[in-house]
Amino acid sequence: MSFIQYPIVFVPILKDRIWGGTKLNTVLGKEIHSDQVGESWEVSGVTDNVSIVANGTYKGCDLEELINQYPEELLGSYIYNRFGKQFPLLFKFLDAKEDLSIQLHPNDELAMKRHQSLGKTEMWYVMQADPGARVVVDFKDGVHQEDYMKHLENKTLPSILNEILVEKGDVFFIETGTVHAIGGGVLLAEIQQTSDITYRVYDWDRVDAEGNSRELHVDLAKDAINYEPKQVEFVYEKKENVANSIVECPYFSVNYIPLKEVYHLKKAIDRFHFYVCTEGDCTFVINQDKYEFSKGDSILIPAAIAEFSIEGKATLLEIFVS
């Protein structure tokens, strides 16, 4: 059976978290099942968390089934040759009602050695932030391992971390080995490698309803931390109806599209594209067929689709594997 070409959306995989809230519903319109939903995994190939198609011909199929049946049509030859049948990206929305733990992720080499997994390079796009909301990204200048260990032992780790006030549209790039935390009051979109490996090093001394602390991974984190200063904040252009580059890294590229009229794309058929509607309403036009999307929707354009346009008044993130 030949591959049917259309924009694919997936059933959100919702995750309750101790720090989660209700903005996935109140801001993004998703149906949530509690008042502590912290994450919506929009497309995932992570084992035991594989996305299910929500629309069209392939509704009810999971991502693995589709890739097994149509690897080059869905992923593209470039992706298939590089990653095999593993979907290489994980996209999420995160709602932090309270501070997330201070954490970091191992690089590819360490993650493969310890966990048979890819590392976890990620990017954040702030979709909404309460007044005074902040993120924690990297150390202050001049911090070394000895400083880190001393402050960790004394439970004063936050005093040597870089806190940044945030607002809608801010972008942060989190390389592997970078200590970080999303602060309370922040709703963001996260693009990352396909990995669920996190080393939690400090959790603000909080406990759950039963009085239990969450597991920390201090020993695993020791060899994974990168103390070198890094560029973490990214400023980008916002020209209308074109793709404005935000981040390019070995794992993904992300563009920002302020759509006022029409965005037209002729793309290579060797890789898929993924779109996130962060504001407004838009229509994807593919082979004269029209598909309506709005804020909070995430859309996979299979590799086999070479040309399409997006119409409307919206802002979108355009994501593809570099």
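Reply:

Exposed stands for over 50% relative accessible area, buried for under 20%, and partly exposed for what falls in between, with a 1.4 Å probe and protein chains only. The model is predicted, so local features need pLDDT of at least 70 and side-chain atom pairs count only at pLDDT 80 or more, while totals for chains, interfaces and linings use all residues. Residues are numbered from 1 along each chain as its sequence is written, and side-chain values use heavy atoms, with hydrogens and water left out.

Helix H6 covers residues 145-153, and its buried residues are Tyr148, His151 and Leu152. These buried residues fall within an arc of 105° when seen down the axis of H6, so they line one face of the helix. The arc is taken from the directions that run from the helix axis to the C-beta atoms. An α-helix has 3.6 residues a turn, so residues three or four places apart point the same way. Helices (H or I, at least four residues) and strands (E, at least two) are DSSP runs numbered from the N terminus.

The buried residues of H6 pack against strand S8 (134-139), strand S13 (199-202) and helix H7 (218-222). Just after H6, Lys155 takes a positive phi of about 60°. Most residues other than glycine have a negative phi. Asp138 is found in strand S8, and its phi is near 75°, a positive value in a residue other than glycine. With a relative accessible area of 6%, Asp138 counts as buried. Trp204 lies in the loop between S13 and H7, and its phi, near 60°, is likewise positive in a residue other than glycine. Trp204 is partly exposed, because its relative accessible area is 23%.

At the start of helix H5 (residues 108-115), a side-chain oxygen of Asn107 reaches to within 3.3 Å of the backbone nitrogen of Glu109. Just after H5, Gln116 has a positive phi of about 50°.

Elsewhere in the chain, Val285 is found in strand S17 (residues 273-286). Val285 is buried, with a relative accessible area of 15%. Apart from neighbours within four places in sequence, Val285 is in contact (heavy atoms within 4.5 Å) with Lys290, Phe308, Ser309 and Glu311.

Beyond its neighbours within four places in sequence, the contacts of Ser40 include Pro12, Lys30 and Phe91.

On a 1 Å grid over the protein atoms alone, a cavity is a set of points where a 1.4 Å probe fits but cannot get out, a pocket is an open set with protein on both sides within 12 Å along at least five of seven lines, and lining residues have an atom within 4 Å of a point. Grid points are joined across faces, edges and corners, and a volume is the space filled by probe spheres set on the points. The largest pocket has a volume of about 390 Å³. Of its 19 lining residues, Arg17, Glu39, Gln103, Thr198 and Arg200 lie nearest its centre. The second largest pocket holds about 250 Å³ of space, and among its 16 lining residues, Phe10, Pro12, Lys30, Gly296 and Asp297 lie nearest the centre. The largest cavity has about 40 Å³ of space, and it is lined by Val43, Phe87, Leu89, Phe91, Ile191, Phe272, Phe274 and Ile319.

Methods: Polar contact = N/O pair within 3.5 Å; in protein donor to acceptor, adjacent residues only side chain to side chain.
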